[in-house]
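Dear colleague,

Please find below the structure that I am handing over to you.

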Amino acid sequence: MSHVENGWFHEIHNYMDLGISLAVEIEEVLFQGKSDYQDIQVFRSKKFGNMLVLDGLIQCTEWDEFAYQEMIANLPLYSHPNPKKVLVIGGGDGGVLREVAKHPMVKQIVLCELDEKVIEVSKQFLPKMALGFSHPKVTVCIEEGTKYMQQTEDRFDIIINDCTDPVGPGLGLYSREFYENIHKVLNPGGILCSQGESQWFDHLLLKDIITFAKELFPRVAYAYAPMPTYLGGQIGFILCSKNQETKFSEPVRFLSDKDLEVFGMKYYNSEIHKSAFCLPQFSKHRLGL
């Protein structure tokens with residue numbers, strides 16, 4: 001079980017019998033509490049700034065969060081010709097909202113977050129991420145993601161599934177039924193981008209998801225980005241499109257150096273977009289891509 005010992009936070013990965021621990025040196029416990037759904041902790045780390053931990057698993061740090069937020073937002077946004085309406089599932093820290101709200105094409109963003117306490121804590125201790133909540137494009141819905149998808153009558157061009165790991169409250173966001181509901185809620189030509197775990201450690205789970213996603217969507221792809229504070233130093237993204245003509249590795253709009261400066265990009269650019277879909281051979285084989 002994840003714990004703090006002698007000034008170090010130890011993230012213990014017991015699920016899937018991984019037998020792996022990640023340790024981060026901390027200077028102070030800023031918050032420790034329990035919501036109706038999960039344990040919530042915020043640490044000030046020695047190297048990575050403030051760090052949000054849910055149920056013992058690192059969700060984000062101030063030091064490297066931009067890489068994850070920019071990729072999970074911009075990979076789908078720059079694969080869609082005209083994304084006007086975006087749904088974010090999860091993302092209670094506000095980082096994805098911050099990135100999506102930068103896009104002039106996007107007119108409306110709905111965030112569906114299960115745990116209102118995560119939003120509250122993020123606004124207090126992760127203000128540079130949580131500033132996404134203050135944007136006028138944003139509407140927040142406090143609801144469980146699978147329930148929202150079953151009941152909503154709204155339709156979206158982009159759905160970003162910023163889910164936690166497949167344990168506890170996030171487990172249902174990895175199911176076939178959930179992906180079927182996503183397909184229903186997406187507009188024609190709509191795109192899903194879902195947090196895709198690690199190609200090194202989670203390939204069995206990913207293979208299952210990609211297999212049933214291919215039965216629902218004509219285009220499915222997997223991308224990844226380096227994330228130093230995530231297990232294995234990487235994080236993946238599963239992308240699905242209802243448009244047969246979508247080519248995920250070829251962004252539909254290219255960003256100039258001036259564009260990148262205006263948008264405040266620190267990781268994403270058009271070259272990174274293309275290269276993110278270049279998979280090693282073992283992953284192509286394992287994931288069936």
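Why does the largest cavity lie between domain 1 (4-60) and domain 2 (64-287)? The reason is that both domains give residues to the lining of this cavity, so it lies between them. Please bear in mind throughout that this is a predicted model.

**Domains**

The domain assignment of the protein chain gives two entries, domain 1 (4-60) and domain 2 (64-287). Their C-alpha centres lie 23 Å apart. Across the boundary, 22 residues of domain 1 are in contact with 22 residues of domain 2.

**The largest cavity**

The count comes to two cavities of 30 Å³ or more. The largest cavity has a volume of about 580 Å³. It is lined by 40 residues, of which Q59, D162, C163, T164 and D165 are the closest to its centre. By class, the residues of this lining divide into 16 nonpolar, 14 polar and ten charged.

Several elements supply at least two residues each to the lining of the largest cavity: β2 (8-13), β5 (49-54), β6 (57-61), α1 (65-77), β7 (85-90), β8 (108-113) and β13 (234-241). The largest share, three residues, comes from β6.

**The six-stranded sheet**

Six strands form an open sheet in the order β1-β2-β3-β4-β5-β6, and their pairing is antiparallel. At the edges are β1 (3-5) and β6, each of which pairs on one side only. With direction ignored, neighbouring strands of this sheet are turned by 45° against each other on average.

Within this sheet, β2 and strand β3 (residues 20-34) run antiparallel and are joined by six bridges. F9 stands opposite V24 in β3. Helix α3 (residues 116-125) packs on the sheet, where it touches β3, β4 (39-45) and β5. The direction of α3 makes about 15° with that of β4.

**The seven-stranded sheet**

A further open sheet has seven strands in the order β9-β8-β7-β10-β11-β13-β12, and here the pairing is mixed. Its edge strands are β9 (138-142) and β12 (219-226), each pairing on one side only. From one strand to the next, the twist averages 15°.

The bridge partner of V88 in β10 is I160. Helix α7 (residues 203-216) packs on the sheet and touches β12 and β13. Its direction makes about 150° with that of β12.

**The second largest pocket**

About 190 Å³ of space lies in the second largest pocket. Its lining consists of E62, E65, F66, E70, R98, E99, K102, K128, M129, G264 and K266. The elements that give two or more residues to this lining are α1, α2 (95-100) and α4 (127-130). Of these, α1 gives the most, with three residues.

Which classes of residue make up the lining of the second largest pocket? Eight of its residues are charged, two are nonpolar and one is polar.

**Points to view together**

With kind regards

Definitions and conventions: Residues are numbered from 1 along each chain as its sequence is written. This is a predicted model: local features need pLDDT of at least 70, side-chain atom pairs count only at pLDDT 80 or more; totals for chains, interfaces and linings use all residues. Side-chain values use heavy atoms; hydrogens and water are left out. On a 1 Å grid over the protein atoms alone, a cavity is a set of points where a 1.4 Å probe fits but cannot get out, and a pocket is an open set with protein on both sides within 12 Å along at least five of seven lines; lining residues have an atom within 4 Å of a point. Grid points are joined across faces, edges and corners, and a volume is the space filled by probe spheres set on the points. Helices (H or I, at least four residues) and strands (E, at least two) are DSSP runs, numbered from the N terminus. Ala, Val, Leu, Ile, Met, Phe, Trp, Tyr, Cys and Pro count as nonpolar, Asp, Glu, Lys and Arg as charged, and the others, Gly among them, as polar. Domain bounds come from an automatic or database domain assignment. Two strands pair if DSSP finds at least two bridges between them. Axes are lines fitted to C-alpha atoms, for helices over the stretch in contact, and angles run from 0 to 180 degrees between N-to-C directions. Contact means heavy atoms within 4.5 Å.
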